[in-house]
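Thank you for making time this morning. Please have a look at the chain on the screen, and then I will walk you through it piece by piece.

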Amino acid sequence: MIRSMTAFAAGERAATGGTLSCELRAVNHRYLELSLRLPEDLRAIESALRERVAAKISRGKVDLGVRYRPGTGAVGELRVNERLVAQLAGIAHRMEGMFPRMQAEFTEVLRFPGVLEEAEFDQAGLQVEALALVDATLAEFVNARVREGEKLAAMMLERVEGIERIVAQVRAWLPEIRTALRSKLDAKLADLKLPLEPGRLEQEIILNLQKIDVDEELDRLTSHISEARRVLQLPEAVGRRLDFLMQEFNREANTLGSKSVDSRTTQAAVELKVLIEQLREQVQNLE
């Protein structure tokens, strides 16, 4: 399956005592490089997050950020024990006759043990919710990569078909090119007006034809074309495999150009290199 390395996904959901949000983005990179941004309450799940990302993504410079916004009743929020305050008020009212000048400041009441309570916070629950949010965001992220990869695959197949057409053209030209080379050698030898040993002319022609023979290069290009089509249909990530295949394409195109003795094959080699370079740039975007 062709998947792009570049993608973006985001998610948000209500969580224990507040709101969780997650952003996941990636750009091209030769290997997987993961950068995590987490609040302190979620540091404990860093290893689990790395494992989840590595299970779904094999290449790319990935940035994963998770944020937590506390809400009402969140960690750190103080609550007043109104029942205890009412009890203290009742006691003060009953004892007012005995202590007519007794006064109590509000801050003194708050300092009484048990009047102020800190809201309970379920940190374990928050971590579970954060993992669920990251899983959902990661699934959306992978789907975005697949959609972009399908577009890249279609463009790559167009380039592969262009390479196939050029290879077929060069094959069709070869008999004519060989005949023209033989005629050129015959003319040069005739101009020299030198006696040749029997069979020497044929040897010279064969040697020159071997120097420009590109049948093997064309056969290998045809093989690479078939391999590219096969790899583009594989279910796993194929970026590295196609990286290597682009090097092989380039090698054969260079050899084809170096052996060229005809302007048409020279131009064909140039066009091949243009298509291969376009393919290589697209491969760099693949996971």
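This is a predicted model: local features need pLDDT of at least 70, side-chain atom pairs count only at pLDDT 80 or more; totals for chains, interfaces and linings use all residues.

**Walking through the sheet and the cores**

Residues are numbered from 1 along each chain as its sequence is written, and side-chain values use heavy atoms, with hydrogens and water left out.

When I say helix or strand, I mean a DSSP run, numbered from the N terminus, with at least four residues of H or I for a helix and at least two of E for a strand. Counted in this way, the chain has 8 helices and 6 strands, and from the N terminus on their order is β-β-β-α-β-β-α-α-β-α-α-α-α-α.

Now to the sheet, where two strands are said to pair if DSSP finds at least two bridges between them. As a general point, strands of a sheet pair through backbone hydrogen bonds, either parallel or antiparallel. Here we have an open sheet of 4 strands in the order β1-β2-β4-β3, and its pairing is mixed. β1 and β3 stand at the edges with a single partner strand each, so one side of each has no neighbour in the sheet.

Going across, strand β1 (residues 7–15) is joined to β2 by 9 bridges and the two run antiparallel; within this pair Ala9 stands opposite Leu24, and Gly11 has Cys22 as its bridge partner. The hairpin of β1 and β2 has 2 residues between the strands, and in it Gly17 takes a positive phi near 70°.

Strand β2 (residues 18–27) then pairs with strand β4 (residues 60–70) in the antiparallel sense over 10 bridges, and Thr19 stands opposite Arg69 in β4. Strand β3 (residues 32–37), by contrast, runs parallel to β4, with 6 bridges joining them, and the bridge partner of Glu33 in β4 is Lys61.

Which residues touch the most other members of the largest nonpolar core? A nonpolar core here is a set of buried Ala, Val, Leu, Ile, Met, Phe, Trp, Tyr and Cys residues joined through side-chain atoms within 4.5 Å, and buried means under 20% relative accessible area, exposed over 50% and partly exposed in between, with a 1.4 Å probe and protein chains only. Of the 32 residues in that core, the ones touching the most other members are Met156, Ile163, Leu218, Leu242, Phe249 and Leu272. Two or more residues come from each of α4 (123–192), α6 (215–231), α7 (239–258) and α8 (263–283), and α4 gives the largest share, 9 residues.

Taking contact to mean heavy atoms within 4.5 Å, and leaving aside neighbours within four places in sequence, Met156 is in contact with Leu232, Leu242, Leu279, Gln282, Val283 and Leu286. There is also a second, separate core of 27 residues, which includes Ala7, Ala9, Leu36 and Leu138.

Finally, for the chain as a whole, 34% of the 287 residues count as buried.
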